[in-house]
Amino acid sequence: MTVSPPPRRRTLLLAPLAAASACGAPSAPSSHPAGARPRARTQHGIATAQPARVLLTAYDLASPAATAAAVRATLSAWWSRPAPDITLTVAAGPGLYRKLAMPAPDRLKALPAFPGDRLDPRRGGGDVLVQLCGDDAAACARAATRLTARAAGVLTQRWRQEGFLPPRAAGQTPLNLFGFKDGTENPGADELHRWVWNGDGTTYLVYRRIHMAVDTFTALPVAQQERVIGRHRASGAPLGGEREHDPVDLYAKTPQGRYLIPAQSHVRLAHSRLDGGARMLRRGYSYDDGTDDRGLLFLSYMRDPALFVRVQQRLAAADAMNRFLEHRASAVGHVLAAPAPGSAFGDQLR
């Protein structure tokens, strides 16, 4: 629906601001022992390296008469002719299972409403969610056009959104539009089987389109910005630490008895310790749809979307960053497993 221009001045980039929640039990870890890998095949575009561009597209069934067989054939056609240098990731939304009268996965549920949400249904939801990632925005757009053409009569486009990452040195955590490093706390490759992949190779995608009041936030003194986030702007280190990947000490206090990381800081409220250690893989991109609409395309992958709900409930209730953010679109989807050699991708929809 929107196409972001090339990054401009502060349009630096990425990084899912973690989402919120304070109640419910932590998501159960995978049964795979530490260091093991799930044997099931997984889709690209999740644990693979994050390119500079993303194009998100959502589709709805084109007709109430559309059948599961027709949708499976469309998904298989998408998979059979991948675009060069583009990763394709496909997720099925809750509505798809309902409309096709198919049993949905137990963990796939529409997200609840959160305080402060101003969601535009024209920019969120969808029966099928598609993430295309690559280093060339035009190539992503061409790939999306081909997918839409192959889905004619079965799926129709609901919304479309482009995002980008700013240039950065290899191995460096990207910056978000507030100028802070974002993605520092992502699980490592050896932890994905525990927190991201289910045993059958599936996972879940949560998407939020988050408007950021960039000028208002960056006008604050840097020390105040750092207290809102809970990290140092220049290094990315948690307050009280020196390096980006220093452990976050939630109990460290000043000589006056105040928490070094304030009680309402984003880092404290989003910390995995509050969820029994459960973590999500954040793969966010910035978007720039004009001076009045810039922000974050929060893309996160996890074994159970209930984790996102818990985190977002916490953040929505108390995050000091709330005065600078507004959630304007939302979607959730079941990321299908990749097919085994010789089988069709559409057969994963069952």
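**Basis of the views.** Numbering starts from 1 along each chain as its sequence is written, and side-chain values use heavy atoms, with hydrogens and water left out. In this predicted model, local features need pLDDT of at least 70 and side-chain atom pairs count only at pLDDT 80 or more, whereas totals for chains, interfaces and linings use all residues.

**Legend 1. Overview of the protein.** The secondary structure comprises eight helices and nine strands; helices (H or I, at least four residues) and strands (E, at least two) are DSSP runs numbered from the N terminus. Of the 350 residues, 55% are buried, where buried denotes under 20% relative accessible area, exposed over 50%, and partly exposed in between (1.4 Å probe, protein chains only). The accessible surface amounts to about 14,900 Å², and carbon and sulfur atoms account for 54% of this area. Accessible areas come from the Shrake-Rupley method with a 1.4 Å probe; for residues, only the protein chains shown count as cover. Among contacts (heavy atoms within 4.5 Å) between residues at least 6 apart in sequence, 82% join residues at least 24 apart.

**Legend 2. Threonine 218 in helix α5.** Helix α5 spans residues 214–218 and includes threonine 218. Threonine 218 has a relative accessible area of 18% and is therefore buried. A polar atom of its side chain lies 2.7 Å from the backbone oxygen of valine 214. A polar contact is a pair of N or O atoms within 3.5 Å; within protein, one must be able to donate a hydrogen and the other to accept it, and residues adjacent in sequence count only if both atoms are side-chain atoms.

**Legend 3. Two loop residues with positive phi.** Aspartate 85, which is not a glycine, has a positive phi of about 60°. Aspartate 85 is located in the loop between α1 (68–80) and β2 (87–92), and it counts as exposed because its relative accessibility is 74%. Alanine 101, also a residue other than glycine, has a positive phi near 55°. The loop between α2 (94–99) and β3 (128–134) contains alanine 101, which counts as exposed at 71% relative accessibility.

**Legend 4. Surroundings of glutamine 264.** Glutamine 264 occupies the loop between α6 (222–229) and α7 (266–269). With 48% relative accessibility, glutamine 264 counts as partly exposed. Neighbours within four places in sequence aside, glutamine 264 contacts Leu269, Ala318, Asp319 and Ala320.

**Legend 5. Arginine 279 and its partner glutamate 191.** Arginine 279 is placed in the loop between α7 and β6 (281–282). Its relative accessibility is 17%, so arginine 279 counts as buried. The side chains of arginine 279 and glutamate 191 are joined by a polar contact of 3.0 Å. Not counting residues up to four places away in sequence, arginine 279 touches several residues, including Glu185, Asn186, Pro187, Trp195 and Leu307.

**Legend 6. The largest pocket.** The largest pocket holds about 500 Å³ of space. It is lined by 23 residues, and the closest to its centre are Gln50, Gly183, Asn186, Leu281 and Arg282. The lining residues divide into nine nonpolar, 10 polar and four charged; Ala, Val, Leu, Ile, Met, Phe, Trp, Tyr, Cys and Pro count as nonpolar, Asp, Glu, Lys and Arg as charged, and the others, Gly among them, as polar. On a 1 Å grid over the protein atoms alone, a pocket is an open set of points with protein on both sides within 12 Å along at least five of seven lines, and lining residues have an atom within 4 Å of a point. Grid points are joined across faces, edges and corners, and a volume is the space filled by probe spheres set on the points.

Definitions and conventions:
On a 1 Å grid over the protein atoms alone, a cavity is a set of points where a 1.4 Å probe fits but cannot get out, and a pocket is an open set with protein on both sides within 12 Å along at least five of seven lines; lining residues have an atom within 4 Å of a point.
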